[in-house]
Amino acid sequence: MITKTKNYEIRDDRFRRSVKLDEAIEQIWTGGRWTEGPVYSPAFRCLIWSDIPNDRRLRWDELTGAIGDIRSGLGYYTNGATLDGQGRIIACEHGTRSVTRIEHDGSATTLASHFDGKRFNSPNDVVVHSDGSIWFTDPSYGIESDYEGFQAEPELDGEHVYRLNPETRIITKVTTDFACPNGLAFSLDQKLLYIADSGGTRYQSGERHIRVFEVAADGSLSSGEIFAECENGVFDGFRLDAQGRIWTSAKDGVHCYHPDGTLLGKIFIPEEVSNLCFGGPKLNRLFITASTSVYSVLLPTTGRSLV
Ligand code: MG
């Protein structure tokens with residue numbers, strides 16, 4: 001039986017202990033145009049995210065609620081971001097069409113900007129494997145107009161997913177059959193890689209799904225069957241919790257999928273969701289970037305640690 005409240009929908013009883021039906025959805029910031037790239041720093045007790053069209057990167061202090069600008073107005077137009085094993089922020093930048101790492105001394109290192117001598121389109125989202133490899137998607141959203149980057153012609157032959165070895169800086173193309181690869185995340189054992197295709201943003205009949213690939217020891221991908229079809233909008237960014245469930249963005253909020261592909265339930269958010277991450281000292285607070293705002297909700301479940 002489906003249970004539906006103002007903020008939650010339970011499709012499957014396995015979801016009942018993953019949300020609290022009386023828990024409020026909190027808006028912690030608003031005033032942006034398109035928020036994205038949420039990443040929580042356990043060391044600094046803060047959430048960092050982007051407001052891409054305004055070329056802003058913002059920081060919310062969990063202890064004081066203070067908001068601050070970081071790396072804003074410099075033409076980076078940062079999109080998806082994550083932490084590597086050392087807690088450094090790895091981010092996708094539309095403006096520089098690259099993947100960068102913020103070092104502990106505050107400097108930025110460009111990790112990937114070209115493939116076969118050609119500039120990337122506009123790296124969109126990124127995940128780090130425990131072996132240190134950095135996997136990212138490269139759709140062309142950030143160069144299609146000046147809205148969230150700088151308009152330019154694509155140099156590459158399509159929109160693909162790439163794996164970067166940060167030691168050797170060797171970049172390998174790992175997919176060739178996506179329309180618009182977008183969010184991505186590994187399964188808990190890292191034997192599977194989930195990748196969203198948001199081709200539906202361009203064509204009514206376009207892709208609106210997450211595919212799941214098997215990851216071989218050499219880093220190549222196989223299989224790639226459809227894991228879930230989005231029933232409202234498209235899937236953009238997503239993360240896993242500590243039980244391997246997938247919490248994903250969608251137009252009406254956050255959708256939660258069991259690893260068996262069942263839609264377990266939803267958290268309704270008043271704006272279109274672009275991405276999310278788990279945070280707080282216990283990783284039991286879900287931070288959600290959605291259109292003009294950032295929301296959070298405390299959960300009786302915990303996210304998977306990134307570090
Ligand atoms: Mg995205």
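Two strands pair if DSSP finds at least two bridges between them. The model shown in these views is predicted.

**View 1. An open sheet of four strands with antiparallel pairing.** The strands lie in the order β14-β15-β16-β17. The edges are taken by β14 (126–128) and β17 (171–173); each has a single partner strand, so one side of each is left without a neighbour in the sheet. On average, and with direction ignored, neighbouring strands of this sheet are turned by 20° against each other.

**View 2. The pairing of β14 with β15.** Three bridges join β14 to strand β15 (residues 134–137), and the sense is antiparallel. V127 has W135 of β15 as its bridge partner.

View 3. N124 is in the loop between β13 (118–119) and β14, while N182 is in strand β18 (residues 181–186); the two are 58 residues apart, and the pair links distant parts of the chain. Both N124 and N182 are buried.

View 4. The side chain of T3 makes a polar contact with the side chain of R16, at 2.9 Å. With its neighbours within four places in sequence left aside, T3 is in contact with Y8, E9, I10, R16 and L21.

Key: Residues are numbered from 1 along each chain as its sequence is written. This is a predicted model: local features need pLDDT of at least 70, side-chain atom pairs count only at pLDDT 80 or more; totals for chains, interfaces and linings use all residues. Side-chain values use heavy atoms; hydrogens and water are left out. Axes are lines fitted to C-alpha atoms, for helices over the stretch in contact, and angles run from 0 to 180 degrees between N-to-C directions. Buried means under 20% relative accessible area, exposed over 50%, partly exposed in between (1.4 Å probe, protein chains only). A polar contact is a pair of N or O atoms within 3.5 Å; within protein, one must be able to donate a hydrogen and the other to accept it, and residues adjacent in sequence count only if both atoms are side-chain atoms. Contact means heavy atoms within 4.5 Å.
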